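I opened my notebook to look up a few things in this structure. My notes follow in the order I made them.

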Amino acid sequence: MNRLNFLLLVAVLASGLVLVNSAYDARQLFTARDRARAEALRLEADHQRLLAERHAQATNLRVESVARERLQMRVITPAITHQPGAPVVSAASGVAR
């Protein structure tokens, strides 16, 4: 009888330790899931902010002003248009080269 009681006591202690370990693992997973959700929300907010910034940067007026200022581009006119194979005419002299 003593041997049976001892085996039952060991079984109860072992199952208690397994239960405590399982509860600890569940808490760890729960906190990891909460951290992942918070990170996902932060990343989604950053994504929305970046989309709004990209939209603001891509407006026609912004692109045109950047093209004029930084790239020093200008509106195309027939006076500065060059067609391949056509003789190049200097605007100052009017002479074909």
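Entry: I started with Arg68 and Glu64, whose side chains meet in a salt bridge. The N to O distance is 2.9 Å. I am working from a predicted model, so I call this distance a computed value. I then looked up where the two residues sit. Both lie in helix H2, which covers residues 60-69. They are 4 residues apart there, about one turn of the helix.

Entry: I looked up one link of it. The side chains of Arg42 and Asp46 meet in a salt bridge, with 3.0 Å from N to O. Arg42 has 41% relative accessibility and counts as partly exposed. Asp46 has 25%, and it also counts as partly exposed.

**Entry: another pair in H1.** I moved on to Glu53 and Arg49. Their side chains meet in a salt bridge of 2.8 Å, N to O. How far apart are they in helix H1? Glu53 and Arg49 are 4 residues apart, about one helical turn. Glu53 is partly exposed, with a relative accessible area of 41%. Arg49 is partly exposed, with 42%. I then asked how many salt bridges the whole structure has. The search finds 4.

**Entry: a nonpolar patch.** I turned from charged side chains to nonpolar ones. Met1, Leu4 and Leu8 form a nonpolar patch on the surface. Together they have about 360 Å² of accessible area. Leu4 is found in helix H1. At 48% relative accessibility, Leu4 counts as partly exposed. The cut-off for exposed is over 50%, so Leu4 stays in the class between.

Entry: Which backbone angle made me stop at Gln72? Its phi is near 55°, a positive value in a residue other than glycine. I noted the general rule beside it: most residues other than glycine have a negative phi. Gln72 is found in the segment after H2. Gln72 is exposed, with a relative accessible area of 68%.

**Entry: the whole chain.** Last, I looked up the totals. The secondary structure comes to 2 helices and 0 strands. The chain has 97 residues, and 2% of them count as buried. I also looked up the surface. The chain exposes about 9100 Å². Carbon and sulfur atoms supply 64% of that area.

**Recap.** I have a surface patch of Met1, Leu4 and Leu8. I also have Gln72, with its positive phi.

How values were computed. Residues numbered from 1 in each chain as written. Predicted model: local features only at pLDDT ≥ 70, side-chain atom pairs only at ≥ 80, totals over all residues. Heavy atoms only, no water. Buried < 20%, exposed > 50% of the residue type's maximum accessible area, 1.4 Å probe, protein only. Areas by Shrake-Rupley, 256 points an atom, 1.4 Å probe, with all protein chains shown as cover. Patch = residues over 30% accessible without salt bridge, like charges linked within 9 Å, V, L, I, M, F, W, Y side chains within 5 Å.
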